[in-house]
Amino acid sequence: MSAGQLFAAHALLPEGWAHDVLLEWDAQGVFTTITPGSIASAAVPLAAGAVLPGMPNLHSHAFQRGFAGLTEYRSVSQGDDPAGGDSFWSWRTLMYRFALRLSPDALEAIATQLYVEMLRAGYTSVCEFHYVHHDADGKPYADRAEMSLRLLRAAQTAGIGMTLLPVLYQTAGFGGKPAQHDQRRFLNDTDAMQALLERLAPHCAAYGARLGLAPHSLRAVPHDGLARSVAALHALDATAPVHIHIAEQQKEVDDCLASTGVRPVEWLLDHAPVDQRWCLVHATHMDWDERRRLAHSGAVAGICPTTEANLGDGVFEAAPYLAQNGWWGIGSDSHASVSVAEELRTFEYGQRLGLQRRNVLASETHAQVADRLWLEAVAGGARAAARPVAGLAAGQRADFLVLDGQHPTLAGLDGARALATYVFASHGHETLAEVRTGGVCRVRHGVHPQQADAGQRFAEARARLLAD
Ligand SMILES: [Zn+2]
């Protein structure tokens, strides 16, 4: 890595659009100064268009990229019951079948392809919620960290920033229901999880990745396992991130109510030390009081709009949560879509469809919907990643995107109009001129240098998995 500079006519700083901005970063890939109102100089490269902060992807299950698109058919008879048919739960059965066939080589091939795709789509870092730990029989690999290390290596090959979140998975439902046979690759007791964290810590440090923990969900982790594992993580690193799936499905809310008498988000806020270190992934089904308490906790709601649409989860009621300054960010989760623009667009469109209004998530500060969505998703994503990736500011990593101001779609537009067009009216990735992480250019005009090789390995790995 080497130090660098860029001059941008328009750049989206944390406080909003600025003009004639000189961006400078050091040899470690960290911004040293961001200076609006600068004078262009022949010695400093000129950005091809508006500069945006790179987007952290706060929720990914990399292996699921291998069967994205392959579950869009009816797998359950609907019968006479209009509420029957396919659901999140029938999708999960298909997903488990795929997960049971995964080898370490296949995981690395799929993850490398995915991370290359993420960079091409504007994501500059990823929080990997990783739960396929063991071999096909459910036995730990000779190195317990085998699968986790493959993910770290994939991130390194692609050049994307990473927060690695090994998943604690122990039960099949509320009340300590024993895990099912098809969950055998995911299981660890609390001591084994602590050993895995200790093994991974130096590897994450060597790559510049952040290590955290993901208790899978309240249905998969009993109270004791949750409390002990979070305490063990914070003994290793007091500010490490904790991510958990919560309230994704109505059935999960109903089961939690039946088992505990309270709703999932309410239960978590009552029983765990939820604060800015936490990311509650989905949090789709909250009542008014849960929404208020989550917003005030400082934790991040991890919203995955295209996956939530794909799985029929429900709509996150964003307007009242954002009105209370609730933190949030976006994830591509099952990777039915890998596109920052599509994720943000789907988030806003869900609100429009529900409320029969336009520009629901614009605010007093940001009349342009895309400005607000982009900035808040970067801030929330950085908090969830627990890495210095909070945008174009000194001390943050030089992770940024440059829009292509020469592309007909964006030509002649100022920064705010270019971003709005990129989010709401661009097609594919061809309007991105550059994607950089730590100041290093990873994608230029849509092309990542590893994409041909990664694509071939991905296609071969998937063909083998589908043939078995
Ligand atoms: Zn998930």
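1. Start with Arg 263 and Glu 290: their side chains meet in a salt bridge, 2.7 Å from N to O. (A salt bridge here is a side-chain nitrogen of Lys or Arg within 4 Å of a carboxyl oxygen of Asp or Glu.) The pair links distant parts of the chain, 27 residues apart: Arg 263 sits in the loop between helix H6 (250–260) and helix H7 (264–271), while Glu 290 is in helix H8 (residues 288–297). Helices (H or I, at least four residues) and strands (E, at least two) are DSSP runs, numbered from the N terminus. Both Arg 263 and Glu 290 are buried, and buried means under 20% relative accessible area, exposed over 50%, partly exposed in between (1.4 Å probe, protein chains only).

2. Some ground rules before going on. This is a predicted model, where local features need pLDDT of at least 70, side-chain atom pairs count only at pLDDT 80 or more, and totals for chains, interfaces and linings use all residues. Residues are numbered from 1 along each chain as its sequence is written, and side-chain values use heavy atoms, with hydrogens and water left out.

3. Asp 270 is partly exposed at 45% relative accessible area, and Arg 293 is partly exposed at 25%.

4. How many salt bridges does the structure hold? There are 21. One of them pairs Arg 65 with Glu 117, the closest N and O atoms being 2.7 Å apart. Arg 65 lies in the loop between S5 and helix H1 (88–99), and Glu 117 lies in helix H2 (residues 104–120), 52 residues apart. Arg 65 and Glu 117 are both buried.

5. Now the metal. Which residues hold the zinc ion? His 59, His 61 and His 245 coordinate the zinc ion, each through NE2, at 2.1 to 2.2 Å. (Donors are N, O and S atoms within 2.8 Å of the metal, or 3.2 Å for Na, K and Ca; water is not among the atoms, so sites may look incomplete.) His 59 lies in strand S5 (residues 55–60) and His 245 in strand S12 (residues 242–246), so the pair ties together parts that are 186 residues apart in sequence. His 59 and His 245 are buried.

6. His 245 also turns up beside His 216. Leaving aside neighbours within four places in sequence, His 216 is in contact (heavy atoms within 4.5 Å) with residues including Phe 129, Tyr 169, Ile 244 and His 245. His 216 is found in the loop between S11 and H5 and is buried, with a relative accessible area of 6%.

7. Finally, the greasy part. A nonpolar core is a set of buried Ala, Val, Leu, Ile, Met, Phe, Trp, Tyr and Cys residues joined through side-chain atoms within 4.5 Å. The largest has 132 residues, of which Tyr 115, Trp 278, Leu 280, Trp 328 and Trp 374 touch the most other members. A second, separate core of 17 residues includes Ala 18, Ile 34, Ala 47 and Val 402.
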